[in-house]
Amino acid sequence: MSDIIHLLPDRIANQIAAGEVIQRPASAVKELMENAVDAGATEIRLIINDAGKQLVQVVDNGSGMSETDVRLAFERHATSKISKIEDLFSIRTMGFRGEALASIAAVAQVEVRTKRAADTAGTLLEIENSEVLRQEPVATPEGTSIAMKNLFFNVPARRNFLKSNAAEMRHIIDEFIRVAMAYPDRFFSLTANGQQQFHLEAGTLKQRIVQILGQHYQSKLVSVSENTDYMNISGFIGKPETAKKTRGDQYFFVNRRFIRSPYLNHAVTSAFQDLLPADTFPAYVLFIDLDPAQVDINVHPTKQEIKFEDEKIVYAFVQSAVRHALAQFSITPALDFDLDPSIQHLDAVNKPFTETDKDKASTSSLYKTFTEKHVAHRIDSAGNSGLSNWKDVFEASKQESIPEQKTFFGGEGILEGSHHQRAVQSFSDAEYTQLFLTYIICQSGDLVYLVHQQRAHERILLEKYQLALEGQTVASQTCLFPTTLELSPQDTVLLNELLPSLQQLGYQIEPFGKDSFVIRGIPADTEQGNERSDVELLLEQYKHFSPSLKLSTRDRLLRSVSKQRSVKAGRKLNKAEMQQLMTDLFQCNHKEVSPSGQPVFTLIDQDLCAKMLGA
Ligand code: ADP
Ligand code: MG
């Protein structure tokens, strides 16, 4: 019998190791951009095709590499950044494992052009599957361009594992922003499929924040700055009124490296204390700088997790720095921040509008509506003629014998052109009592139901929306006053992805310039006036349906909308509403359980009553 242990060929070993570093196009974005930063580049351009599946390219004007160095750079454990183990503890550059380029070369086709300032010619290098295919002198500008093509072309299993273009693009934008936010003094751009998505001129941190998070932060940022022997903190927090129902504008950097830390996030939000409306998240971009010897930043180089030697001190420091900043802000609410002379220039660069578009927009009534701050965009009642589909509502209500008066549930999810085929249990003779503004007791003949009002409503909505997405569109009403919505770039990508489905659910939302949307219509049965926070909340809930539940995008969206739109505990219901709720519930396929799996109602019978009273 022959021996069975053998050494893996280099190429396969490389592919396996690469899996840890390069999981998706966004991982390459991070590594390549960090390398460009480390190389001292002041201009860094990211070029993406097909959400990075076809091309991720970073072009920088940094130090460049010599003919020999560029060859070495693609060897595993090749780095110019550490040479002895002690270096790990004083490292200030971004990457330091010497693995990124080797990993990229193992799972993609790579083309590099690089030239140092002192050299007359540059080097062109082509690598595929960890093998050098070509190396020759080339005329190229100073700096380095690394193009990663056809990621996972040689590992089809991994290629198939990649998510939709929208999802991969979201990851890419996340990584791009994290690097761009940390280095406001350098120019960054992102071009995707030939279209420029970001053009970030070098400037101050405040300018960078406004460039990335939106113009509405311009006068709404409070600076944070605290220095000690142990550590320094600097950056900006959003004033409380800018807090959003959706997360995404929160950035922490430790030694300019983006980190995710629920612990430090808590330190910041707790400093805001009761300044924030419930369930809203303040924006912040904060930089902590401390001696690398105090922080173990090599715990998880790709996962953005970080360990502090003394967590409690860091927590207290962050919290008090934010408190301090807020206190200053409330003493002098109109704190004068540095003027940004270049902002106008940036504005023009950033806005995808032409000048004429802009002129038109600023004179339109639409523009005026959304620039009038704090004007409640509200109509008196849902019964007003805001309904564009009155005919459908009328027809449907005849069909379902909804009481004349429009109830809270009356128009709920009425489907255009849909009629119920099933026999309808009407509950019209039942008796109703609402308990604790949370439960309904419904006595119908001999049967007594104890119903959880919110769960019942969530179930009803979910099933109606499911029907809606099977082809029938939920009736929509046009808003009297269109609302604009400014989102973070990540949420923009998310919302764009959800737009078609939202439209079927009765939302009329349109992109409106960079990272902005206009909400022109909402489902017919929704009260007007809260469009902005409704949509923000929806995005937030969507994100929080754990991906581990393995729900499809569609189902996640439906569940989010159902939850958001459901009647909550604490809302008083009249008899007509309770009757409608029961009627609708009993037409559901799964009336017994809520979308999140909790019981919707229970039957109270004589035995139970006897048992409760020990009779
Ligand atoms: P690390 O960044 O951990 O050193 P990498 O595999 O990312 O490992 O890069 C290997 C080496 O290649 C770097 O140490 C650096 O010397 C060189 N290098 C990579 N990218 C660039 C670039 N854009 N410009 C100049 N040198 C680079
Ligand atoms: Mg690196």
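Please keep in mind that the model is predicted.

**A three-stranded sheet**

Let us start with the sheet. Three strands build an open sheet, and their order across it is β19-β21-β20, with antiparallel pairing. The edges are taken by β19 (476-486) and β20 (508-511); each has a single partner strand, so one side of each has no neighbour in the sheet. On average, neighbouring strands here are turned by 20 degrees against each other, direction ignored.

Strand β21 covers residues 516-523 and runs antiparallel to β20, with four bridges joining the two. Within this pairing, I509 stands opposite I519 in β21. The sheet also has a helix packed on it: α15 (residues 489-504) touches β19, β20 and β21. The direction of α15 makes about 140 degrees with that of β20.

**Salt bridges**

Next come the charged side chains. Searching the whole structure gives 20 salt bridges.

| Salt bridge | N to O distance |
|---|---|
| R256 and D185 | 3.9 Å |
| R459 and E463 | 3.1 Å |
| E577 and R571 | 3.6 Å |

R256 counts as partly exposed because its relative accessibility is 31%. D185, with 45% relative accessibility, counts as partly exposed too.

R459 and E463, by contrast, are found within one helix. Both belong to α14 (residues 453-469), where they are four residues apart, or about one turn of the helix. Are these two residues buried or exposed? Both R459 and E463 are buried.

In the third pair, the partners fall into two classes of accessibility. E577 has 7% relative accessibility and therefore counts as buried, whereas R571, at 28%, counts as partly exposed.

Finally, some charged residues are joined in a group. Which residues are linked in a network of salt bridges? E111, R113 and K149 are connected in this way.

Notes:
Residues are numbered from 1 along each chain as its sequence is written. Chains are lettered from A and ligands numbered from 1 in the order in which they are written. This is a predicted model: local features need pLDDT of at least 70, side-chain atom pairs count only at pLDDT 80 or more; totals for chains, interfaces and linings use all residues. Side-chain values use heavy atoms; hydrogens and water are left out. Two strands pair if DSSP finds at least two bridges between them. Axes are lines fitted to C-alpha atoms, for helices over the stretch in contact, and angles run from 0 to 180 degrees between N-to-C directions. Contact means heavy atoms within 4.5 Å. A salt bridge is a side-chain nitrogen of Lys or Arg within 4 Å of a carboxyl oxygen of Asp or Glu. Buried means under 20% relative accessible area, exposed over 50%, partly exposed in between (1.4 Å probe, protein chains only).
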